[in-house]
Amino acid sequence: MGRMSVEEPVGETGELPEYTERVLDVADAIPPGRVMTYGDVAEWLGEGGPRQVGRVMSLYGGTAPWWRVVRADGTLLPGHELRALGHYREEGTPLRESGPAAEGHLPRLDMRRARWDGREVSGRRGVPGG
């Protein structure tokens with residue numbers, strides 16, 4: 001139960017569903033400065049889809065590095081843009097800054113450079129969920 005806040009729903013036993021734990025384990029395994037899309041996480045797990053991963057992250061992701069599980073187009077999570085941007089800048093996550101015509105707009109993630117495939121982590125094999 002260490003992952004949850006007081007407001008988050010849980011099962012009758014007070015434990016998170018297995019799929020939820022697995023999604024959060026993958027989020028925890030993503031290295032600083034890298035991201036996975038909702039679909040990437042579902043593909044890594046071999047079950048569910050982007051919407052299911054997004055639902056888990058919206059309900060239970062508050063204590064996980066939620067900013068590392070992102071939309072495939074690289075846009076920042078609506079309503080959490082500034083908090084996420086702070087994390088990305090702190091971690092050195094590759095961003096695509098807005099052009100001069102997009103004055104006042106936030107950058108996007110540079111998905112080509114920021115996307116993590118779940119393998120190499122500092123010379124060792126990444127093992128989400130394990």
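In the predicted model, the largest contribution to the lining of the largest pocket comes from helix H3 (residues 50-60), which supplies four residues. The lining comprises 13 residues in total, and those nearest the centre of the pocket are Met57, Ser58, Trp66, Leu77 and His80. Sorted by class, the residues that line this pocket are six nonpolar, five polar and two charged. The space within the largest pocket amounts to about 210 Å³.

Helix H1, which spans residues 18-29, packs against helix H2, which spans residues 38-45, at an angle of about 115°. The axes of H1 and H2 lie 10 Å apart, and the crossing of the two helices is right-handed. On the H1 side, the contact is formed by Tyr19, Arg22, Val23 and Val26; on the H2 side, Val41, Trp44 and Leu45 take part. Of the residues in this contact between H1 and H2, six are nonpolar and one is charged, while none is polar.

For the protein as a whole, five helices and six strands were assigned. Their order along the sequence follows the pattern α-β-α-α-β-α-β-β-α-β-β. The protein has 130 residues, of which 42% count as buried. Among contacts in the protein with a separation of 6 or more, 58% are accounted for by residues 24 or more positions apart.

Notes. Residues numbered from 1 in each chain as written. Predicted model: local features only at pLDDT ≥ 70, side-chain atom pairs only at ≥ 80, totals over all residues. Heavy atoms only, no water. 1 Å grid on protein atoms, 1.4 Å probe; cavity = no way out; pocket = protein on both sides within 12 Å on 5 of 7 lines; lining within 4 Å. Points joined across faces, edges and corners; volume = space filled by probe spheres on them. Nonpolar A, V, L, I, M, F, W, Y, C, P; charged D, E, K, R; others polar. Axes fitted to C-alpha atoms, helices over the stretch in contact; angles between N-to-C directions. Left-handed = near helix turned anticlockwise from the far one by under 90°. Contact = heavy atoms within 4.5 Å. Buried < 20%, exposed > 50% of the residue type's maximum accessible area, 1.4 Å probe, protein only.
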